[in-house]
Each structure stands twice: as structure tokens, then as C-alpha cells.
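Me: I would like to go through this model and ask what stands behind the terms used for it. Please set each value against its definition.

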Amino acid sequence: MLKNSATERLAAVALVAPFVIIYCWMFVYPTVRMAQLSLTDAPLIGAGHWTGLDNYRRLFSDKVFWTAVWNTSYFVLLTVVPGTAAALGIALMVSRLSGWLQSLILTMFFLPYVLPVTVVYLIWQWLGNVQFGVLQFIVVPFVGHPVNMWRTIPWFMPWVALITIWWTNGFSILLFLAGLRNIPSEIYEAAVLDGATRRQIFTRVTWPLIWPVTVLCLTIQLILQLKIFDQVYLFALGGRTAATMVLVQYIYEQAFQRNAGGYAATIAVALFVIVVGFSVLQYQVLRMRGAR
Amino acid sequence: MIAPAIAPQGRRWGTINLGGALLTALTLICACVWFFPIYWALVTSFRTDDESIKSFSLLPEHPTLDSYLYIIAHSKLPIFYLNSTIVSLAVTAITLVMSICAAYAISQLEFPGRRLLWWTILASFMIPVPALIVNHFIIIASVNLINTYAGIVLPLLIAPVTVIVYKQFFDSLPREFREAAVMDGANEFQLLFRVFLPMNWGITAALGIITFIGAWNNFLWPFLAAQDETMMTVTVGIRAVQDTFGVAYARLLAGAVLAGLPVSLAYLLFQRRVTQALTLSAGIKG
């Protein structure tokens with residue numbers, strides 16, 4: 001028996017070793033080093049001096065940092081709730097269909113989700129092109145003249161938010177569809193027999209039963225969009241990035257364009273704290289779901 | 001008794017449901033609007049350069065493959081393809097094997113630190129990977145792996161979700177399997193790869209496809225780690241094509257179509273698996 005558990009332990013160590021090594025090397029270690037680096041004035045590559053909390057003091061009075069916090073929050077506001085609402089609407093529409101028509105329509109809604117971000121960027125850059133873009137046919141009647149969406153600061157975030165919803169919504173749609181499928185059809189049949197109208201069926205049956213999935217989608221989207229970088233970076237290329245800065249982009253700029261590794265790590269710690277804060281919230285929500 | 005017209009699924013009652021038909025039509029219109037950007041990119045990529053900036057017709061007036069041929073011949077796209085394939089396959093293979101082994105040990109074996117490891121994995125779910133880019137770069141640079149495949153692959157191997165999904169799968173299998181196989185003198189590796197894993201290849205297929213798509217699409221890290229054009233993945237490199245070609249829109253979009261093609265095909269061919277993987281990773285039973 002003793003020998004048995006010894007070999008079991010040996011096998012376990014051999015099995016977890018590759019994972020643990022990569023994990024410590026690419027995850028635990030960089031996380032610890034990030035905190036350490038944020039207390040120095042080190043460049044990206046090379047040693048720096050210990051500066052205590054100087055970077056953090058600088059962070060709090062750094063205008064661009066607060067612009068990045070504001071833009072990130074604004075972006076979250078523009079994407080999370082509208083995106084989830086759109087996904088629920090689409091899922092409700094798709095779920096009433098069946099057979100090949102359902103697969104076709106779901107594919108049309110889902111396909112953007114699997115595209116690389118640069119492809120999404122190229123597609124929408126062409127669509128919104130100020131000279132030749134088809135979207136100008138929609139813009140011109142409202143504004144009176146063609147608009148360069150990602151070079152006009154007030155248009156920038158809503159534009160990128162719209163594209164992000166288009167791009168990432170497939171995931172939420174799938175979750176809602178799975179959730180809708182899990183509602184037993186007997187409940188609907190009973191509601192119909194009781195004379196419920198379409199509206200009543202939605203507000204009294206579908207909505208309460210789909211609420212847990214809604215919360216799940218909202219929290220997943222929230223955490224995802226706090227980490228926004230790719231689309232904002234691509235559309236801001238060549239523009240006034242300071243005005244449209246988001247948090248991850250500021251980390252990138254400080255580290256890789258200004259060679260300020262220490263300060264970049266400080267911004268990273270701030271992002272870290274924000275995301276972990278919201279994740280703890282998400283975990284609580286998920287646990288509450290699990291307890292039901 | 002009840003007017004069938006108000007039934008949400010009117011077809012069941014065999015009546016023609018006007019409201020339902022209208023809703024279906026509306027759904028179809030929404031789907032077409034949603035899909036239009038992709039359609040428009042496709043159409044543009046088959047136009048001549050001249051036509052692309054003049055014509056708004058729904059079909060190319062003189063369909064041509066010139067843009068595709070040009071971009072394959074005059075850009076580094078073929079090299080980007082090779083790089084993406086190598087990186088994505090490596091990430092997928094290593095992530096799966098690592099996760100399977102770790103999840104099996106955590107689920108089925110007793111060893112010191114098991115609970116600690118599991119909690120670390122669960123907690124790591126919360127850590128924003130983009131916050132780690134600075135230190136990833138420092139680590140990868142310190143071992144001289146910037147601009148190498150290994151350097152691009154390593155930070156992409158963090159996949160707590162894959163381990164969590166596999167652990168839940170192994171947990172769901174009856175304990176008797178293990179006991180019976182151990183009696184027969186099987187060792188843990190045989191047990192894992194001959195008994196446990198083959199029980200449901202579907203999960204491995206699903207997670208494999210989604211890991212591949214994720215690796216192919218990753219932008220931020222490959223963008224930092226591949227500084228030389230010959231090391232860029234498709235997702236990073238296709239943007240560089242823009243700088244070379246300037247305002248040749250048909251060519252740019254042909255490049256975009258080619259860049260998105262492998263992942264789109266992976267999705268279209270394995271739709272069910274992709275759906276399964278995504279719902280599993282969110283903890284919903286599909």
C-alpha cells in the first residue's frame with residue numbers, strides 16, 4: 001500500500017511538472033516581478049534604481065493615465081450592456097428558427113467572432129473609409145458630410161465599440177442560445193394554455209429564466225472589455241493616441257515606445273487591481289449561480 | 001379554447017402564423033445586415049483596384065482573382081502563413097498535452113500540493129494577461145528568445161480554462177474505471193492515454209480547435225515578440241501589408257480574406273465542436 005501511494009505521487013509529479021514549470025515561468029514569476037518592477041525606475045531592458053512609491057505618486061497625478069481610465073470605462077459602458085442586449089435579441093430571434101435556416105442565420109451572426117482582429121480592422125477601415133466607404137451613405141444624411149470616424153475624437157470610442165460588439169458578440173449569442181435551449185418547453189406550453197400573451201411569456205417566463213445567463217454574459221464581457229487594446233491601437237495608429245488612450249495601450253506605450261519599464265509596470269499593477277477586483281465580483285456571482 | 005395565433009410556436013398548431021413569418025423575415029434582414037461587412041470585404045477583394053473605389057454594386061462587375069495573385073506573389077503572406085501554422089499548432093499541441101496531464105493528476109491522483117495547485121489555477125483565471133506583457137518581454141528577452149518561435153509560443157501557453165474543463169471531465173468519470181485498470185497493472189500514463197482520454201475525444205477535439213483559433217488570432221504578444229517581418233504571424237503581419245501597398249483596397253481586402261480564411265474554415269467545418277468548447281469554457285451545458 002505504501003509503495004502504491006509512493007508511485008502514485010511520483011506519477012503525479014511527472015504529470016503536473018510541465019504545466020507547473022510553464023505556469024510558474026510565464027505566470028507566477030512575471031506577476032511577482034511586475035509588482036517589484038513598479039517600485040523602480042528601470043528601463044524596459046536593464047536594471048533600475050529602487051524608487052519606492054514614486055511611480056504610484058506619479059500615476060495619480062498623470063493626466064494621460066486618467067484619460068486612459070476614463071476611456072476604458074467609457075468603452076466598457078458602450079460595449080457591455082448594449083452588446084449583451086443585442087446578443088439576447090439575436091439569440092431570441094435565432095432560437096425560434098429550426099433546421100438549416102437556423103444554422104445558416106446563426107453562422108452569419110457568429111462568423112465575425114472567429115476572425116483575427118486585424119482582419120476585422122481591415123474590413124471596417126474599408127467600410128468606414130471617408131472617401132470610398134459604404135457606411136458614409138448612412139453617415140452623410142445625418143451629419144451632412146462624410147466623417148472620418150477614427151480620426152474624429154468624439155466618434156472614436158463609439159466607432160470602436162460598435163465594431164467590438166459586432167466582432168465579439170458571437171460568444172454571448174451562443175451562451176444565450178444554450179440558456180434558452182435549457183428552458184423546458186413544458187413551461188411555455190403551460191403558459192400558452194393559461195392564455196399568456198407573447199409579451200407575458202417573455203417577461204414572466206423567458207426573462208427570469210435567462211437572467212443567470214445574462215449576468216454571466218455581462219460579467220464575461222466586462223472583464224474582457226477592460227482589457228481592450230487591439231482595436232483601439234489599430235484604429236489610433238497615426239492619430240493623436242493620447243486622446244484615445246486605453247489602459248493596456250498606455251502600458252504598451254510607456255514600456256515599448258518610451259522605454260519606461262518601471263512606470264509601465266505601475267500602470268500594469270493598476271490594471272491588475274481593477275480587473276482582479278471585478279473578477280472577484282464575477283466569481284461571487286458565478287458561485288451564487290452554482291448554489292441555485 | 002385558445003386562439004392559436006398567439007402561440008409562440010405557431011407551426012406546431014399547423015396554422016400559418018403571419019406574426020411568425022414577419023419575425024422570420026426580420027431575423028433574415030438582421031442577419032444580412034450583420035453579415036454585410038464580411039460580404040462587402042469579399043466582393044471588394046474580387047474587384048479590380050479601379051472598380052473598388054468607384055463601384056458600389058452588390059456583385060463585382062468584372063470578377064478577378066488579380067488581387068489574390070498579387071498579394072500572394074508580392075507580400076510575405078506565405079511566410080506569415082507558415083509562421084502562424086507553426087505557432088498555432090505548437091501552442092495547441094503543448095497546451096493540450098500539458099493540460100490533460102495536469103488535469104488528470106489533479107482529478108485522479110493524491111499528491112502533496114494538489115489543492116494549492118488547483119486553487120492557483122482557479123485564481124489565475126482572474127489575472128489579466130495583457131498586464132504581464134512588460135515582464136513577458138523582459139523574461140523572453142533575457143533568454144534571447146525574442147524573434148523566435150519559442151519566444152512567441154511560450155507566453156501563449158497560459159490556459160487555465162483548458163485545465164478546468166478537463167478536470168471537470170475526468171471528475172465526471174466513474175472511479176471504478178481507475179480501480180479496475182490499476183488492478184490489471186496499468187500505470188498512470190497508460191490509464192490516462194488509453195482509458196480516460198479515449199472516453200471522449202470530442203472534448204479534446206473541441207478544446208483543440210478553440211485553442212488553435214485563439215492562438216492564430218492572438219495579436220498583442222506576437223506583435224511584441226515578432227519584431228522581424230519574417231517572424232510575424234498572419235494576424236500581425238497582415239497589417240504590415242497595408243504599409244507596403246498603401247491605398248490598394250482590393251489587394252488589402254484580398255489579404256484580409258486570406259488571413260481570416262483558415263479560422264473561418266475551422267469554424268465552418270467544426271461548428272458543433274466550437275460551440276461545445278465555448279459553452280463548456282463558460283460553464284454552461286450546451
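Me: How far apart do the C-alpha centres of domain 1 of chain B and domain 2 of chain B lie?

Reply: They lie 33 Å apart. The model is predicted, so local features need pLDDT of at least 70 and side-chain atom pairs pLDDT 80 or more, while totals for chains, interfaces and linings use all residues. Residues are numbered from 1 along each chain as its sequence is written, with chains lettered from A and ligands numbered from 1 in the order in which they are written.

Me: What are the bounds of the two domains of chain B?

Reply: Domain 1 spans 4–70 and domain 2 spans 75–281; such bounds come from an automatic or database domain assignment.

Me: How many residues of domain 1 of chain B are in contact with domain 2 of chain B?

Reply: Contact requires C-beta atoms, placed from the backbone, within 7 Å. By that test, 12 residues of domain 1 of chain B are in contact with 8 residues of domain 2 of chain B. Helix 1 of chain B supplies the largest share of the domain 1 side, 4 residues; helices here are DSSP runs of H or I with at least four residues, numbered from the N terminus.

Me: Why is W50(A) called exposed?

Reply: W50(A) has 11 C-beta neighbours inside 10 Å, so it counts as exposed. W50(A) sits in the loop between helix 1 and helix 2 (54–60) of chain A. Not counting residues up to four places away in sequence, W50(A) touches L39(A) and T40(A).

Me: Which residues touch the most other members of the largest nonpolar core?

Reply: A nonpolar core is a set of buried Ala, Val, Leu, Ile, Met, Phe, Trp, Tyr and Cys residues joined through C-beta atoms within 7 Å. The largest has 166 residues, and I251(A) and A268(A) touch the most other members.

Me: Why is this core said to lie between the two domains of chain B?

Reply: Domain 1 and domain 2 of chain B both give residues to the core, so it lies between them.

Terms used. A residue is buried if 20 or more other C-beta atoms lie within 10 Å of its own, exposed if 12 or fewer, and partly exposed in between; C-beta atoms are placed from the backbone. Helices (H or I, at least four residues) and strands (E, at least two) are DSSP runs, numbered from the N terminus. Two residues are in contact if their C-beta atoms, placed from the backbone, lie within 7 Å.
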